[in-house]
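Subject: Model for you to look over

Hi,

Here is the structure I promised. Please open it and keep it beside this note as you read.

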Amino acid sequence: MAGNRTLSQVQTIAELAKLDQSDLEPRCQCLYFGAELNAADMVLMEVEDSVLAFLERGNSVVIRGEKTDSAVLCLDAKTYDVKDTDTSNTLLILPACSTTNECKDSERQIVNRQVIGLAKSYYEVKPMRPRLRKLRSLLEECPYGGDVYEEEASGKRYSLEDILDVIQASEVEIKEELKTQRACHINGFWRMLHFDYECQLLSHILSLVEENSWDFHRIPLKETLDTLENLEPRAILEHTLECFGERLPRQDSKGDHVFYCLNEDKVCQMFAEMLLRPAEKFNLAEFLLSWQQSVPDGMATGMHQLQGIAIIDRNSKPEVIFHFPFSLMPENEVDRFNFLFKTRDRWTQEEILPYIQDLVTEKLSAAALLQKHARASVGANGVRVYNSKRPIK
């Protein structure tokens, strides 16, 4: 019971334990158990310093995941894996406990401490890659193809709150992925644009640029929207310019003129997808010619623009190219490499990097990933290639 232990009893216990009195701190903390232990109401979580500092600033964290998901902990801009870890010893939970520095008093004394809970496990929290692959699946349930098709559109629409409920990532990471997926905020919901509709929007803008002999590095926003608003909503047109270009700094003294610069690589990549999507395989030489002829005048196509959307079979005679978008990749690391090596036996580093770059972390480089999952060798042409370490079923 609390308060019943005397200083002489403490000294006797120390002697029985063969402890030297000089090794003991002046303040002795005696632990006792209260009438009720709230073990079931308490959860311990071990966090890194950055998470602790985040909480100490008064911020909140949220644990996300559906019933079939393993839980993740999210800050405003970072995601952590949460695992239940057992301890070899039972942990005692106390509302107050003095540290060594706090026990250096001049006189020996006894302080009673009540144990209010027990724990045989704790949650271990480690940084992880956000689980964003499911977001694309949600957005594809009801793609936006223009107002004329909205009455026929089926499938669920998702607001940001809906997305935050089911996607295991921080809000900042989710918003970045929405931008990567070129999703558009329409009537309170985040919608992915139908590919054909995206092509139509970009075509309207490029046609207007050509008609007016504008430099695609400097497209006036207001004139573009005023001219095309009878064809498409102004917000959707501006969204398209954001996706395939970037807003230039204001250069007019009045400050009321906005210009956009189209991104050559993004536009050329879009035209490559227009050609590749309908075709199962495309003769490489014919594709390269058709591709360059299809892009706007003044833009140049390049092989780097195909990274993450297509691969080339150089063993075929003649060489062929086919659509192989990054969106097909499984999210799981092992499944990703199995899928890649099932598609193709051997990959060069240049070919495989676009499909594994998102798996790279501060502690795991692309080279380490390849060493972990692939076997390197030198091909007949002297180029290093990678094949699977595991049998592919």
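Below is what I found, starting with the whole chain and ending with single residues.

First, the ground rules. This is a predicted model, so local features need pLDDT of at least 70 and side-chain atom pairs count only at pLDDT 80 or more, while totals for chains, interfaces and linings use all residues. Residues are numbered from 1 along each chain as its sequence is written, and side-chain values use heavy atoms, with hydrogens and water left out.

Overall shape

The protein chain has a radius of gyration of 31 Å, whereas a compact globule of 393 residues would have one near 21 Å. (That radius is taken over C-alpha atoms, and the globule rule is 2.2 Å times the number of residues to the power 0.38.) Along the principal axes, the C-alpha atoms fill a box of roughly 100 × 60 × 45 Å. The chain holds 13 helices and 18 strands. (These are DSSP runs, numbered from the N terminus: helices are H or I with at least four residues, strands are E with at least two.)

Of the 393 residues, 36% count as buried. (Buried means under 20% relative accessible area, exposed over 50%, partly exposed in between, with a 1.4 Å probe and protein chains only.) Take contacts between residues at least 6 apart in sequence: 63% of them join residues at least 24 apart. (Contact means heavy atoms within 4.5 Å.)

Strand 14 pairs with strand 15 (residues 320-323) over four bridges. (Two strands pair if DSSP finds at least two bridges between them.) Ile 312 stands opposite Ile 321 in strand 15.

The other open sheet runs 16-18-17, again with antiparallel pairing. Its edges are strand 16 (347-348) and strand 17 (374-378). Strand 17 and strand 18 (residues 384-388) share five bridges. Val 378 has Arg 384 in strand 18 as its bridge partner.

Salt bridges

The count is 17 salt bridges.

- Glu 150 and Arg 191 have their closest N and O atoms 3.1 Å apart. Glu 150 is in the loop between helix 3 (133-139) and helix 4 (160-166) and Arg 191 is in strand 9 (residues 189-192), so the pair ties together parts 41 residues apart in sequence. Arg 191 is buried at 2% relative accessible area, while Glu 150 is partly exposed at 22%.
- Asp 226 and Arg 234 meet at 2.9 Å, N to O. Asp 226 is partly exposed at 33%, and Arg 234 is partly exposed at 32%.
- Arg 336 and Asp 358 come to 2.8 Å between their closest N and O atoms. Arg 336 lies in helix 11 (residues 333-343) and Asp 358 in the loop between helix 12 (349-356) and helix 13 (366-373), so the pair ties together parts 22 residues apart in sequence. Arg 336 is buried, at 0%; Asp 358 is partly exposed, at 35%.

Leu 16 is in helix 1 (residues 7-16). Leu 16 counts as exposed, at 71% relative accessibility.

Best wishes

Terms used:
A salt bridge is a side-chain nitrogen of Lys or Arg within 4 Å of a carboxyl oxygen of Asp or Glu.
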